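I am opening a notebook on a structure that is new to me. I want to look things up one at a time and write down what I find.

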Amino acid sequence: MSELKPMATRESYGNALLELGKEHENLIVLDADLAAATKTGVFRKAFPDRHIDCGIAEANMTGVAAGLSTCGFVPFISTFAMFAAGRSYEQVRNSIGYPHLNVKIGATHAGISVGEDGASHQCLEDIALMRAIPGMVVINPADDVEARAAVRAAYAYDGPVYLRFGRLAIPVMNDSPDYKFEIGKGVLLRDGRDVTLIATGLCVYETLCAAKMLAEKGIDAQVINIHTIKPIDEEMILAAAEKTGRIFTIEEHSIIGGLGGAVAEVLSEKRPTKLTRIGVNDVFGESGPAKELLHKYKLDAEGIAERVQKELGGTA
Amino acid sequence: MTNLELQKIAVEVRRGIIDGVHSAKAGHPGGSLSAAEIFTYLYFEEMNIDPKNPKDPDRDRFVLSKGHTAPGLYSTLANRGYFPVEDLLTLRHTGSYLQGHPDMKHIPGVDMSSGSLGQGVSAACGMALAGKLNGRDYRVYALCGDGEIEEGQIWEAAMFAGFRKLDNLCVIVDNNNLQIDGPIDKVCSPYPIDKKFESFNFHVISINGNDFDELRSAFAEAKATKGMPTAIVARTLKGKDISFMENSVDWHGKAPNDEEYAVAVEDLRKVGEALCQN
């Protein structure tokens with residue numbers, strides 16, 4: 001595993017915008033009074049004329065981005081997932097999704113790893129909301145390298161993209177020089193015969209660690225990183241179902257409608273396979289340090305391994 | 001164009017509204033009719049547009065924030081030559097490109113999809129901001145309903161436009177005083193509309209929005225106003241020129257039956273005839 005310094009994907013977002021901003025004059029960044037937190041400050045400093053702070057008015061920011069995109073700009077809206085997907089859901093649907101405008105939504109502070117701010121700011125429903133909008137691409141990168149690649153891919157893609165980023169600094173896994181990111185393509189991170197663990201976002205690293213713990217217990221788990229939840233890599237999921245016959249999904253999102261929902265849809269229609277959805281179990285989050293919350297909600301390596309072992313009938 | 005020419009076109013625009021809504025057996029005639037002079041003045045006199053080149057990057061833009069009055073916009077676009085007037089009869093029919101609310105992806109001349117109230121001024125702000133950033137001197141017009149401005153997003157957008165001094169933006173409020181549940185000052189009054197926009201740093205002009213002289217002078221004043229956006233509060237008559245629809249809340253979102261349609265057509269024939277005698 002990498003020796004690189006752990007980094008929050010929100011930082012990767014800001015850094016990627018800065019890089020892309022140098023290459024593309026039509027890239028424009030919008031914030032709603034959270035530039036310090038969404039980490040777009042580096043872009044604002046370099047390109048003050050192409051950074052538009054809309055104030056605490058996310059609905060308007062979403063519509064302004066829509067208007068800018070009709071005139072050839074590629075806007076990145078930046079705010080917390082709670083407000084990007086929650087507060088502005090209908091603006092995203094009707095002003096961006098319906099006309100399929102080329103707007104990118106950079107949603108930071110997703111999931112319970114927001115930490116101390118608590119349930120009001122811990123968006124656990126955004127993947128479900130965004131993936132239900134026709135034509136919306138939904139990406140939840142797993143580390144710094146993937147997050148920067150995802151921002152680049154989102155810029156290159158012509159249409160609306162929802163990018164989900166986290167607040168918590170997480171380890172860098174994708175440090176291989178031949179790393180490639182492709183929208184809609186899952187990544188097999190670890191091969192295994194007994195069971196398939198499909199994870200997204202910061203849960204990918206925890207799941208890889210869980211797979212190592214499971215190996216010590218004699219369970220040979222393969223691990224797939226699904227960074228693109230829509231369009232989802234059906235082929236890879238179905239191949240995994242055929243190979244191992246048992247699937248788990250792991251995400252820092254409600255078990256309703258997120259990665260677990262998307263995988264369940266694929267499996268139940270195309271290859272019914274026993275599935276366990278690991279995530280936040282239809283409850284709101286709470287305040288606390290991010291790592292403690294991930295532990296409490298059993299979304300760290302230990303919690304994931306324990307659950308997989310239990311579901312497979314082993315001893316905990 | 002003379003006022004008389006514009007008045008004659010407004011009759012045709014109203015005829016298209018009635019024909020479309022009657023054919024659809026659904027839709028929103030009242031607020032389409034109240035804004036017929038506004039649509040007509042914008043598309044036949046004010047805006048720099050070319051129906052043969054509807055995507056020209058230098059064109060003026062129009063956002064119908066009160067998207068339910070699509071019959072008024074469609075009839076104006078058709079009469080201006082963006083698509084055949086006969087197509088208005090396909091309004092709201094299954095498979096027609098003339099969707100119930102404006103669809104920029106499929107309708108020539110529609111600059112922004114709209115329909116969910118409150119969202120259009122934000123998009124217009126984005127277009128106006130793009131013009132400033134790109135150094136293009138086009139203007140952007142957004143038409144709101146007076147009930148629609150009860151939506152909070154309108155005021156988020158107004159704050160943005162005023163703060164950013166978007167003087168290439170002109171917001172028009174179709175102040176026909178009626179919304180679905182009744183007179184706007186009985187439902188949840190947005191009055192005083194002029195003072196609200198003034199306090200959001202708009203230049204405000206109050207006019208009779210069914211009068212071409214007043215529209216002409218207001219849009220000229222808006223264009224000449226620098227350093228701040230303009231709001232034109234246009235007092236209008238809902239359902240104008242259709243005898244049984246005028247100032248009636250019942251005709252906000254209802255189509256005339258065949259008998260009512262015949263009366264409406266006769267009403268418009270008389271208005272047209274009176275203009276020809278001028």
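**The sheet in chain A**

The model is a predicted one, in which local features need pLDDT of at least 70 and side-chain atom pairs count only at pLDDT 80 or more, while totals for chains, interfaces and linings use all residues. I note also that residues are numbered from 1 along each chain as its sequence is written, that chains are lettered from A and ligands numbered from 1 in the order in which they are written, and that side-chain values use heavy atoms, with hydrogens and water left out.

Next I looked up the two strands: β8 (residues 195-199) and β11 (residues 246-254) of chain A pair in the parallel sense over four bridges. For the terms, two strands pair if DSSP finds at least two bridges between them, and helices (H or I, at least four residues) and strands (E, at least two) are DSSP runs numbered from the N terminus.

Which order do the strands of the open sheet take? I read it as β7-β9-β8-β11-β12 in chain A, five strands with mixed pairing. The edges are β7 (187-190) and β12 (274-280) of chain A, each of which pairs on one side only. Neighbouring strands of this sheet are turned by 25° against each other on average, direction ignored. Helix α13 (residues 301-311) of chain A lies across β8, β11 and β12 of chain A and runs at about 150° to β12(A); axes here are lines fitted to C-alpha atoms, for helices over the stretch in contact, and angles run from 0 to 180 degrees between N-to-C directions.

**Where the chains meet**

I then turned to the contact (heavy atoms within 4.5 Å), which takes 26 residues from chain B and 25 residues from chain A. The buried area, meaning the accessible area (1.4 Å probe) that two parts lose on being put together, summed over both, is about 1900 Å² between chain B and chain A, and carbon and sulfur atoms give 60% of that. Gln119(B), Leu133(B) and Glu156(B) supply 24% of the area that chain B buries against chain A, more than any other three residues.

How many salt bridges lie between chain B and chain A? I found zero, taking a salt bridge as a side-chain nitrogen of Lys or Arg within 4 Å of a carboxyl oxygen of Asp or Glu. On the side of chain B that touches chain A, the elements giving two or more residues are α5 (120-134) and α6 (152-163) of chain B, and α5(B) has the largest share, nine residues.

**Single residues**

Over all chains the structure holds 26 salt bridges. One of them joins the side chains of Glu286(A) and Lys296(A), at 2.9 Å, N to O; Glu286(A) is in the loop between β12 and α12 (290-296) of chain A, and Lys296(A) is in helix α12 of chain A, 10 residues apart.

I noted a cis peptide bond between Lys230(A) and Pro231(A), with omega about -5°, where Pro231(A) lies in the loop between β10 (228-230) and α10 (234-244) of chain A. Another cis peptide bond joins Tyr191(B) and Pro192(B), with omega also about -5°.

Last, Lys39(A), although not a glycine, has a positive phi of about 70°, and its place is in the loop between α2 (35-38) and α3 (41-46) of chain A.
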